[in-house]
Amino acid sequence: MLDGLCGWWGRTRLCELVDRGYLAEAIFETLYMVAIALGVGIVIGLIVGLGLYTTRKGGLYANRVMYAVLNIIVNIFRPIPFVIFIGAVQPLARVVTGTGIGNPAIIFGLSIAAGFFVSRIVEQNLFSVDPGVVEAARAMGASRPRIVFGVLIPEALGPLILGLTFSFVSVVDASAIAGVLGGGGLGNFSLSYGFRQFDTLVTWVTVVIIIVIVQLAQLLGNWVARRVMRR
Amino acid sequence: MNDPTTLVELRDVTKTFEVTPTRENPASTLTVLDRVSLEVRTGEIFGLIGYSGAGKSTLVRLINALTPLTSGSVTVDGVEVSTLKERGLRELRRDIGMIFQQFNLFNSRTVAGNVAYPLTIAGTPKSERDARVAELLNFVGLADKAHTYPDQLSGGQKQRVGIARALATRPKLLLADEATSALDPETTQEVLALLRRVNTELGTTIVVITHEMAVIRGIAHRVAVLDEGRIVETGEVYDVFAKPQHPVTARFVATVIEPPPSGETLAALKTAHPNATLVALRFDEDRVNQAAVYRCFFEAGVAFELVAGGIEAIQGRHFAQLTLALDGPDAAVRDALAQVSELVKAEVL
């Protein structure tokens with residue numbers, strides 16, 4: 001498919017990058033980083049987001065201390081710019097992945113950052129569930145875990161999927177920064193072969209590819225959310 | 001319905017909420033219910049009426065312990081609710097159905113899924129569950145909507161699903177929290193008729209919370225009037241309608257039964273009937289018939305005209321509040337009124 005990028009523009013440097021498989025590798029690396037980071041991020045985000053929602057005052061597991069701790073952690077870490085965040089968690093990345101540089105370290109940082117991001121998205125979307133529905137479940141004698149997994153999450157599923165789609169776009173955005181920090185992927189590709197070599201065509205092609213990836217994800221997210229919400 | 005056994009009993013129940021003190025209101029607690037005592041008898045429909053903010057919704061949530069009480073005692077079927085732990089509370093709640101003003105249906109589940117959910121929680125096997133769901137949907141007349149989602153239903157249909165769901169586990173008690181307040185008058189009557197069937201056909205005891213006297217008149221056997229956290233009056237619905245004791249009760253009764261004219265209405269009537277004597281008659285037991293009263297006026301040679309009032313049937317007993325304009329010689333009017341006063345409560349306005 002990528003071969004098509006060559007030819008009609010004339011024989012350019014881009015063709016060489018395509019022929020050597022660099023572009024395909026970059027796309028693969030980006031998708032790979034985003035997939036792992038978003039996967040881990042969703043797990044962390046669901047846990048922390050549910051924690052934030054349920055420990056809040058009046059929640060199913062209302063607990064002032066627990067809520068304050070979670071809220072402060074998320075509030076402190078979430079706004080840190082990703083490019084700085086990666087550096088900040090480098091020692092931790094070294095402990096967990098065995099290296100402080102390259103893709104594994106970037107994926108580690110990306111996963112944590114995605115976790116904080118998704119936490120807020122999850123919390124916000126759980127707020128869209130009518131508290132009356134939770135009350136109805138309590139009045140039926142449902143246990144708290146059952147209310148969380150049988151009522152709260154299914155009721156919030158449509159908005160949650162849209163929120164996760166939004167998170168995907170943010171993680172793709174953050175993953176490009178890996179290029180500045182010694183990681184691979186499309187960020188690195190466009191910096192190394194486009195920006196630094198004054199080859200704007202390469203940068204533009206990267207832009208188009210990212211737009212296509214993001215659009216496909218958005219279409220898929222919208223479609224699934226619509227199915228879930230039956231609208 | 002004749003079984004006088006108490007199903008729910010509240011004794012000296014007080015509920016306070018912690019609030020942030022303000023300059024206008026320096027108290028840090030807000031008393032929502034103040035030493036409330038009441039009994040709900042097995043098999044009856046018990047109405048609880050009050051204005052917004054009177055504490056009705058809080059009171060009903062004390063019964064299934066969705067809200068913990070501050071002091072006093074709430075027993076359901078002899079069990080002291082406040083002593084129950086999480087597991088005991090869950091079991092209690094499976095025996096108490098609840099329906100809500102905003103229906104609170106699960107939008108992610110179909111109608112059948114909503115009705116099945118309490119059964120899933122209770123651990124009912126699937127085959128039994130399906131049969132019960134079909135039975136319930138038949139009972140509420142929504143068998144054809146089993147696979148529809150709630151957002152495609154009308155308000156009345158949603159509440160019928162709510163009722164089916166609340167009845168799924170065959171509860172002894174059904175709590176209806178403003179169950180008809182979001183519905184139009186016609187749909188309200190449909191839902192009230194369904195609740196009446198739940199009471200008579202299934203024998204379920206019902207506690208109805210409302211701010212509409214029409215709901216009380218329509219289905220309740222007994223009623224308690226709640227005002228600013230206190231029960232100000234309680235009794236048989238007929239008695240409360242016929243002889244309201246508390247001003248708040250009288251105001252509620254006036255929303256469905258026109259009281260004797262007063263103020264501007266009375267002045268207007270007097271202007272319209274300048275030579276007449278206006279008299280308010282109250283027929284509050286079935287033993288007096290109107291014909292006997294009219295005969296008195298007729299025989300005394302007094303002309304009469306019905307100028308205001310209404311007749312109500314409450315729990316099959318009749319109640320009328322009628323205002324007549326009497327026209328005739330003073331002596332005749334006086335004699336006729338003397339005779340009429342022996343039959344009904346008559347008040348010259």
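What is the handedness of the crossing of α2(A) and α3(A)? The crossing is left-handed. The legends below describe close-up views of a predicted model.

**View 1. Helix α2 packs against helix α3 in chain A.** Helix α2(A) and helix α3 (residues 64-77) of chain A pack at an angle of about 135°. Their axes are 9 Å apart. The two helices are therefore oblique to each other. From α2(A), the residues V48(A), G51(A), L52(A) and T55(A) take part. They meet M66(A), Y67(A), L70(A), N71(A) and V74(A) of α3(A). By class, this contact of α2(A) with α3(A) holds six nonpolar residues, three polar and no charged.

**View 2. Helix α2 also packs against helix α6 in chain A.** Helix α2 covers residues 22-55 of chain A, and helix α6 covers residues 102-126 of chain A. The packing angle is about 40°, and the axes are 5 Å apart. α2(A) and α6(A) are therefore oblique to each other. Here α2(A) passes α6(A) in a right-handed crossing. The contact of α2(A) with α6(A) comprises 21 nonpolar, seven polar and two charged residues.

**View 3. Chain A is built from helices.** The chain has 10 helices and zero strands. Its pattern along the sequence is α-α-α-α-α-α-α-α-α-α. The C-alpha trace of chain A spans about 70 × 45 × 25 Å along its principal axes. Of the 231 residues in chain A, 42% are buried. Take the contacts in chain A with a separation of 6 or more: residues 24 or more positions apart account for 65% of them.

**View 4. E155(A) sits in helix α8 of chain A.** This helix runs over residues 144-176. Is E155(A) buried or exposed? It counts as buried because it has 22 C-beta neighbours inside 10 Å, and the cut-off for a buried residue is 20 or more. Leaving aside neighbours within four places in sequence, E155(A) is in contact with V129(A) and V133(A) from chain A, and with F106(B), N107(B) and S108(B) from chain B. A93(A) is 62 residues from E155(A) along the chain, and the C-alpha atoms of the two are separated by 36 Å.

**View 5. Chain B meets chain A.** In this interface, 17 residues of chain B are in contact with 17 residues of chain A. On the chain B side, α2 (86-94) and α3 (111-121) each supply at least two residues. Which helix gives the most to that side? α2(B) does, with four residues. The side of chain B that touches chain A divides into eight nonpolar, five polar and four charged residues.

**View 6. An open sheet of four strands lies in chain B.** The strand order is β12-β13-β11-β14, with antiparallel pairing. β12 (303-314) and β14 (345-348) of chain B stand at the edges. Each has a single partner strand, so one side of each is left without a neighbour in the sheet. From one strand to the next, the twist averages 15°.

**View 7. Strand β12 pairs with strand β13, and helix α12 lies across the sheet strands β11, β13 and β14 in chain B.** β12(B) and strand β13 (residues 317-327) pair in the antiparallel sense over 11 bridges. A308(B) stands opposite T323(B) in β13(B). Helix α12 covers residues 330-343 of chain B. α12(B) runs at about 145° to β14(B).

Notes: Residues are numbered from 1 along each chain as its sequence is written. Chains are lettered from A and ligands numbered from 1 in the order in which they are written. This is a predicted model: local features need pLDDT of at least 70, side-chain atom pairs count only at pLDDT 80 or more; totals for chains, interfaces and linings use all residues. Axes are lines fitted to C-alpha atoms, for helices over the stretch in contact, and angles run from 0 to 180 degrees between N-to-C directions. Angles under 35 degrees count as roughly parallel, over 145 as roughly antiparallel, 65 to 115 as roughly perpendicular and the rest as oblique. A crossing is left-handed if the near helix is turned anticlockwise from the far one by less than a right angle, and right-handed if clockwise. Ala, Val, Leu, Ile, Met, Phe, Trp, Tyr, Cys and Pro count as nonpolar, Asp, Glu, Lys and Arg as charged, and the others, Gly among them, as polar. A residue is buried if 20 or more other C-beta atoms lie within 10 Å of its own, exposed if 12 or fewer, and partly exposed in between; C-beta atoms are placed from the backbone. Two residues are in contact if their C-beta atoms, placed from the backbone, lie within 7 Å. Two strands pair if DSSP finds at least two bridges between them.
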